[in-house]
Each structure stands twice: as structure tokens, then as C-alpha cells.
Amino acid sequence: MGLYGVMTTSVSGMSVQSDRMGTVADNIANVNTTGYKAASTEFATLIAQGSVAAYVPGSVSTIARRAISAQGDFTYTKSPTDLAVSGDGFFMVQSAAGTPYLTRAGSFIPDANGDLVNAAGFKLLGYNLLDGSSSSVINSAAGLQIVSTAGLGMKATPSTSGKFDVNLPADAAITAAANLPSANAASAAFAGKTSIVTYDTLGHQVTLDVYSAKTANNTWEFSVYNADGASATGGFPYAAGSLLTTTALTFDATTGQLTAPASGSLSVNIPNGATLTLDISKTTQLAAAYTPQNASANGSPPTAVDRLEISPDGTVTAVYADGSRVDAFRVPLAKVASPDNLTAISGNVFSTNKSSGDLQLGLANSGGFGSVVSGALENSTVDLASELTTMVQAQRNYTANSKVFQTGTELLDVLVNLVR
């Protein structure tokens, strides 16, 4: 009875070492897998019930564990969509079947549809900031959408602000009312003209002609025309409706600084566009020639997305070719009470269970969640040297157990022969 028990225990020990070798093999195979969390084999004794005087051999139970909460080192890349988590939290991803999972494998690249997909085919989830259609739900992925560049497309930025700083000659002649640019007569007279390029809502270029004329001592007039309405000679008279605005300016006779309008700005309604606010606060009237110092406006023609930028708080910003930026998505992080008890699933993703605790979503860089690192990947937590050492130990233990089993078999043969 005791010999059979020893042999049974030996077989169990061989099985345990086989399980141990299995975890070692998985770890070594995934030593270069982004975001992989090393597995280990833990043992517990199984004691058979027996009397105090007699020893009854038992066995060993095996428990495989993953150090999912362990932080891996970072490898930095040149791709802004390669993401890692520094601290607590997981990215929320979605399988092809639409099932949400947790992962630390952040090697995302846009697929043919513009969706950010990692190496295992899981798509990154986030909150849509463009249309506000995503809703934040703290304990569910129900409010998340696939982070994608498909909805960004080309974008035209209408002009809304600019600067117009110019020196007006203090000694300029006063223009008669009939000849002011605002009268739109062929005989129009002015001290200077400056053109500014602006854009409407569709990205069409709209050139503004800004005329400056002296109406009285220390008083001037700015008249803004749509250049498309200019005459064949490129000037006055402009076509009807081309005059966009006229504004009176007043200067301090002593300093030559602008005193009116008090706002220091000029508003122009761009045809088929937005209202352009020109900052004219630095315009002066000094004893010098008409000199434009700064004449500019924002806005751009239609441009495509040049690249994505992702900030530590998970905000995905689309940067267009003209340099304009639009916040498109916000990538949240997820965590559970006991991450080491998450269920590991093929593809380096995890799902929650009763032991791990319920899912909690939050924003990166706040509420105990880690930060998102763009242009970096979290390395596997496997230590190759330790795994090779464990493999040698497991092999020796397996050999020792097999020797015990072999010795038990030989003893049985001896017993059988004695009976004969």
C-alpha cells in the first residue's frame, strides 16, 4: 500500500513538473510579446487522511498565476500610436466580434478603415470628442467607440481672427468725402492699401483689400472690400456689395496712439464665412510713410490629417497639414480590484471575473489611474535568465520523480518474484 502511494505521488510530481515546464515554455515564447505578463506555477500540498502513527502519501496541486499588475519596461518608438501605460490601468479594446477586453499591448496602427488596431487584431476604444456621441459609464464599456481616423477626413478652417498693424502717415492730406474709399468712386483717394488672404467655411480663398484714408486731423477711415469685386483695372469702383465694412479711427494728437475704437478691433463678415476680428490696437499715426507692420489672418484651405498626437491624459489630437489641431477622442483606462486574478485570453487580452472584481473606467492621469505614454511599448515582464533557471530545476525534479517511479517499479518486480 505504501509503495503504491509512493509511486502515485511520484507520478503526480512528474505531472506538476510538466505543468511548470508548460508555463516556462509560454513565458520564453512570449519574451518579446508587447505587454505580456509572465506566468508562474505555484504549488500546494494535498494531504491524504491517515492515522497519527501511519504516514499516507499525498500529492501536490498546481496553480498557475500571472503577475498582471507588474509594470514592464518601455521600448520607445517613432510611432505616436504606439501606446503604453505608466502606472495602473489597462487599455479598453474590442474584438472582431464586438466583445470588450482589457490589455496592455498598445502597438496600435490604423487599418484600412482608419481604426486603431493592435498586433492581435483588437481595436482601441475611446470617447468620441468630435460629436459628443460617447457617454462616460464608469463600470461598463457601453459608452465607448472605436478610435478611428476615418471620420476626420479633410478640414477647412474659416478665418476668425487676425492682426492689422500699420503706421498711418500723420502728414497725409485729408481726403474729400466724395473721394473716400467708402464712397466707391473711380476717383477714390487713399494713403495706403494692404491686402489680406482669408478663408470661408469651405476653404475658398477670400482676399480682403483694406484701404486707409485720412478724413480729418487725427481721424482716419478703414474701408475693407472683397477683392473679387474689383474693377478690371484692379481697383475702384468695386462691384455692388463688395464693401464689407467701414470703420473710423481716432488717434491721440500727442502720442499718435489709437484711441478709438476703444475695442482696438475691426470686425469683417467674410462672404460665406465667419466673422473675422482684426486686432488693430497697435496701429499708429506717426510722421512716417504708410508702413504695414503685421497683416495676417488665421484659417486654411482644405487640408488632410498629417498625424495623430496622444497626450498623457489620453486625448487623441488630429494634426492637419496646415498645423491646425482638433481633439478627436479621449482614451480612458480601466482597472479592477485584483488585476492578477483577471482571466487571460488569447491575443494578450484579459477579461474580468468574480475573483478580479468589477470593471472601473476612468481618465488617465487622474483618480489613481496611470498615464498614457505615446511613442512607447511596454515590454514583456519575462526574465529570460530566470525562466532558463526554472526550466533546469523543473527538468531535474522531473528526472528525480521518474527515478522514484522507476525504483518503485523495480521493487514491485522483486516482491512479485519473492511470492513466486
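**Salt bridges and an open sheet**

Lys163 and Asp279 make a salt bridge (a side-chain nitrogen of Lys or Arg within 4 Å of a carboxyl oxygen of Asp or Glu), with 3.4 Å between their closest N and O atoms. This pair ties together distant parts of the chain, as Lys163 sits in strand β12 (residues 161-169) and Asp279 in strand β19 (residues 275-279), 116 residues apart. Strands here are DSSP runs of E, at least two residues long, numbered from the N terminus. Lys163 has a relative accessible area of 35%, so it counts as partly exposed, and Asp279, at 25%, is partly exposed as well. For these labels, buried means under 20% relative accessible area, exposed means over 50%, and partly exposed lies in between, with a 1.4 Å probe and protein chains only.

A word on the model itself: it is predicted, so local features need pLDDT of at least 70 and side-chain atom pairs count only at pLDDT 80 or more, while totals for chains, interfaces and linings use all residues. Residues are numbered from 1 along each chain as its sequence is written, and side-chain values use heavy atoms, with hydrogens and water left out.

Side chains of opposite charge can pair when their charged atoms come close. By the rule above, the count comes to 9 salt bridges. One of them joins the side chains of Arg104 and Glu378, at 2.8 Å from N to O. This is another link between distant parts of the chain: Arg104 lies in the loop between β6 (100-103) and β7 (109-110), Glu378 belongs to strand β31 (residues 376-378), and 274 residues separate them. Both Arg104 and Glu378 are buried.

Arg307 pairs with Asp306 in a salt bridge, their closest N and O atoms being 3.1 Å apart. Arg307 is partly exposed, at 37% relative accessibility. A network of salt bridges takes in Asp306, Arg307, Glu309 and Arg325.

Turning to the strands, β13-β14-β15-β16-β17 is the order of an open sheet of 5 strands with antiparallel pairing, where two strands pair if DSSP finds at least two bridges between them. The edges are held by β13 (192-199) and β17 (258-260); each has a single partner strand, so one side of each is left without a neighbour in the sheet.

Notes
Helices (H or I, at least four residues) and strands (E, at least two) are DSSP runs, numbered from the N terminus.
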